Amino acid sequence: MTTVASTTAASTTTAPVATAPVAIAPVADARGLALAHYAARGVLEQVLARHGATFQQQVALRAAVTADAPQTPDDLVAQVRGSLKADPAEIRATVEELLAEQLLVADGAHLRPTEAGRELLAAVGAETAPISARVWGAIPAEDLAAAGRVLALVTERANAELAALTA
């Protein structure tokens with residue numbers, strides 16, 4: 001609180017002056033990034049659970065659907081591992097689950113998403129779209145651009161540190 005001196009002919013007094021608190025924006029850090037990730041992931045996992053799918057299944061299925069060309073199981077495992085940093089054995093088990101649920105199908109040496117797999121991703125996307133709009137809406141484009149640059153740099157640096165730790 002600041003004070004202001006008030007002078008009259010007879011005396012000098014000091015009266016308090018109220019000032020509005022200054023809001024300080026949080027500085028981005030690993031904890032803030034993790035909290036945002038897990039909050040958003042929690043929303044997605046709730047939607048996925050209603051469809052009988054897991055987060056890792058969704059990531060693997062999306063990788064298969066968005067690939068430029070059909071992938072071998074090893075290609076798909078490598079791509080998902082690059083995204084999730086998960087154990088390859090766990091990812092292989094996830095791919096097997098997708099095959100068993102007929103969301104992926106083996107076509108020779110390659111995997112292809114089935115119509116059911118595409119429909120699952122479309123349904124999840126339709127359910128999460130309005131939620132994403134509420135979460136991301138009204139964030140200024142320049143803030144999103146700055147956040148995107150920072151996240152890309154953090155990802156690059158963290159991937160380099162992980163590579164050094166596992167070399």
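**A first look around**

Guide: Happy to. The protein chain has 6 helices and 4 strands. Keep in mind that this is a predicted model.

Visitor: In what order do the elements run from the N terminus on?

Guide: The order is β-β-α-α-α-α-β-β-α-α.

Visitor: And how much of the protein chain counts as buried?

Guide: Of its 167 residues, 19% are counted as buried. The accessible surface is about 11,500 Å², and carbon and sulfur atoms account for 61% of that.

Visitor: Let's pick one element. What can you tell me about helix 1?

Guide: Helix 1 covers residues 30-50, which makes 21 residues. From its first C-alpha to its last it reaches 30 Å, close to the 30 Å expected at 1.5 Å a residue. After the helix comes Gly52, with a positive phi near 70°.

Visitor: Which residues of helix 1 are buried?

Guide: Leu44, Val47 and Leu48. Looking down the axis of helix 1, you find its buried residues within an arc of 100°, so they line one face of the helix.

Visitor: What is exposed on the other side of helix 1?

Guide: There you have Arg31, Tyr38, Gln46, Ala49 and Arg50.

Visitor: And what covers the buried residues?

Guide: The cover for those of helix 1 includes helix 2 (55-66) and helix 5 (115-136).

Visitor: OK, helix 2 then. Is it largely enclosed or open, and why?

Guide: Largely enclosed by the rest of the structure, because 9 of its 12 residues are buried. Among them are Phe55, Gln57, Val59 and Leu61. These buried residues of helix 2 pack against helix 1, helix 3, helix 4 (88-100), strand 3 (104-107), strand 4 (110-113) and helix 5. As for its reach, helix 2 spans 16 Å from first C-alpha to last, close to the 16 Å expected.

Visitor: I clicked on Gln56. Is it buried or exposed?

Guide: Gln56, which lies in helix 2, has a relative accessible area of 17%, so it counts as buried, the cut-off being under 20%. Leaving out residues up to four places away in sequence, Gln56 touches Leu84, Ala86, Glu90, Ile91 and Thr94.

Visitor: What about Leu76, where does that lie?

Guide: Leu76 is in helix 3, and at 1% relative accessibility it counts as buried. Again leaving out residues up to four places away in sequence, Leu76 touches Ala60, Ala63, Ala64, Gln71, Val95, Leu104 and Leu111.

Visitor: Changing topic: what is the volume of the largest pocket?

Guide: About 1,800 Å³. It is lined by 40 residues, and the closest to its centre are Leu33, Ala36, His37, Tyr38 and Leu151.

Visitor: Which elements give two or more residues to that lining?

Guide: Helix 1, helix 2, helix 3 (73-84), helix 5 and helix 6 (141-166).

Visitor: And which of them gives the most to the lining?

Guide: Helix 1, with 11 residues.

Notes: Residues are numbered from 1 along each chain as its sequence is written. This is a predicted model: local features need pLDDT of at least 70, side-chain atom pairs count only at pLDDT 80 or more; totals for chains, interfaces and linings use all residues. Side-chain values use heavy atoms; hydrogens and water are left out. Buried means under 20% relative accessible area, exposed over 50%, partly exposed in between (1.4 Å probe, protein chains only). Accessible areas come from the Shrake-Rupley method with a 1.4 Å probe; for residues, only the protein chains shown count as cover. The expected span of a helix is 1.5 Å times one less than its number of residues. The arc is that of the directions from the helix axis to the C-beta atoms. Contact means heavy atoms within 4.5 Å. On a 1 Å grid over the protein atoms alone, a cavity is a set of points where a 1.4 Å probe fits but cannot get out, and a pocket is an open set with protein on both sides within 12 Å along at least five of seven lines; lining residues have an atom within 4 Å of a point. Grid points are joined across faces, edges and corners, and a volume is the space filled by probe spheres set on the points.
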